[in-house]
Amino acid sequence: GFASEAKAFDKAHEVVHFPPGYYWCNNMFVSYQPLSLYSPISTMETNRAVAANKIRILLYESIFKRIQNTDRSVAFFLSGGLDSSIIASVAAKILHPNKIETYSIGTSEQDSPDLLAANQVADHIGSNHHVILFSPETLFGKIETTVKAIESYDCTTVRASVPMYALSEYVSTHTDHKVILSGEGADELFGGYLYFHNAPNEEAFQEETIRLCRDVHMYDVLRADRCTAAHGLELRVPFFDKAFVEYVVS
């Protein structure tokens, strides 16, 4: 059987993820249009300036496409980190002179470096910024419903999901926004996690980014999709545009 969520099956079933980039035919998984994640990686570009400019162009096109192809109200999650800040800042230029709507979540505007950074970015790009504050106790109380929504017990996934679930719930109930853009995908593609400092060489660094991208449907993409979809929102992630992914991994 197939279902969008594991809840559809009873406890007697063995439940596994349907692999991305495949369809089911004649009782077997068949790959279609595989990304370079599943084939040997060849270097396309060695000139740093050329590669950086191409990445800039492809990301701009990815963001533009995801903003233009909708007749619904669009908003942006702005965590204060580099990735979501890039998405929001490019979108602000595309939609100028209209102001974009950005949203952050935290427990204290005074003590949260993320919220301070998000406010700085919002001021810089001129967005209508909304800071949603929750008490730690309120967020603790959302853990069980969040786990039920994302269907994962992975510690880091749950930890990141709770505030995203709460923020999505707020946007869904207090605004007219239906489409959200966020910065998911950049850490996997570019090695943005702290432990990448321990990579012994460039080959190991590259292999780990590829592994993360292959498995992301079980972690960050799972989290982002489930947290927003649970509240009727559609998430769009420009960093995971196919043309962008193809170029970056090369």
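Glutamate 234 is partly exposed in this predicted model, with a relative accessible area of 38%. The side chain of glutamate 234 meets that of arginine 236 in a salt bridge, 2.7 Å from N to O. Arginine 236, in contrast, is buried, at a relative accessible area of 14%.

Let me take two others. Glutamate 151 bridges to lysine 7, and the closest N and O atoms are 3.1 Å apart. Lysine 7 sits in the segment before β1 and glutamate 151 in the loop between α5 and α6, so this pair ties together parts that are 144 residues apart in sequence. Both ends are partly exposed: glutamate 151 has 27% relative accessibility, and lysine 7 has 39%. The two also belong to a network of salt bridges that links Glu5, Lys7, Glu151 and Arg226. One backbone detail at glutamate 151: phi is near 55 degrees, a positive value in a residue other than glycine.

The other pair is arginine 66 with aspartate 241, again with the closest N and O atoms 3.1 Å apart. Arginine 66 is in helix α1 and aspartate 241 in the loop between β7 and α10, so the bridge ties together parts 175 residues apart in sequence. Here both partners are buried.

Which residues have the most contacts inside the largest nonpolar core? They are Ile63, Ile67, Phe76, Ile87, Leu181, Leu189 and Phe244, in a core of 32 residues. Helix α2 gives the most, with 6 residues. Apart from this core lies another, of 22 residues, among them Leu139, Met164, Tyr165 and Leu235.

Leaving out residues up to four places away in sequence, leucine 189 touches Thr209, Cys213, Phe239, Phe244, Val245, Val248 and Val249.

Next, serine 73, in the loop between α1 and β3. Serine 73 is partly exposed, with a relative accessible area of 30%. Beyond neighbours within four places in sequence, serine 73 is in contact with Asp176, His177, Lys178 and Val179. From serine 73 to isoleucine 180 there are 107 residues in sequence, yet the C-alpha atoms are 8.7 Å apart.

On to the hairpin. Strands β1, residues 22-25, and β2, residues 28-31, pair in the antiparallel sense over 4 bridges. Cysteine 25 stands opposite methionine 28, and 2 residues lie between the strands. One of the turn residues is asparagine 26, with a positive phi of about 55 degrees, although asparagine 26 is not a glycine. Is asparagine 26 buried or exposed? Exposed, at 69% relative accessibility.

Tryptophan 24 is in strand β1 and is partly exposed, at 37% relative accessible area. Together with Phe2, Phe18 and Phe29, Trp24 makes a nonpolar surface patch of about 410 Å².

Last, a peptide bond. Histidine 96 and proline 97 are joined in cis, with omega about 15 degrees. Proline 97 is in the loop between α2 and β4.

How values were computed: Residues numbered from 1 in each chain as written. Predicted model: local features only at pLDDT ≥ 70, side-chain atom pairs only at ≥ 80, totals over all residues. Heavy atoms only, no water. Pairing = 2+ DSSP bridges. Patch = residues over 30% accessible without salt bridge, like charges linked within 9 Å, V, L, I, M, F, W, Y side chains within 5 Å. Areas by Shrake-Rupley, 256 points an atom, 1.4 Å probe, with all protein chains shown as cover. Salt bridge = Lys/Arg side-chain N within 4 Å of Asp/Glu carboxyl O. Buried < 20%, exposed > 50% of the residue type's maximum accessible area, 1.4 Å probe, protein only. Core = buried A, V, L, I, M, F, W, Y, C linked by side-chain atoms within 4.5 Å. Contact = heavy atoms within 4.5 Å.
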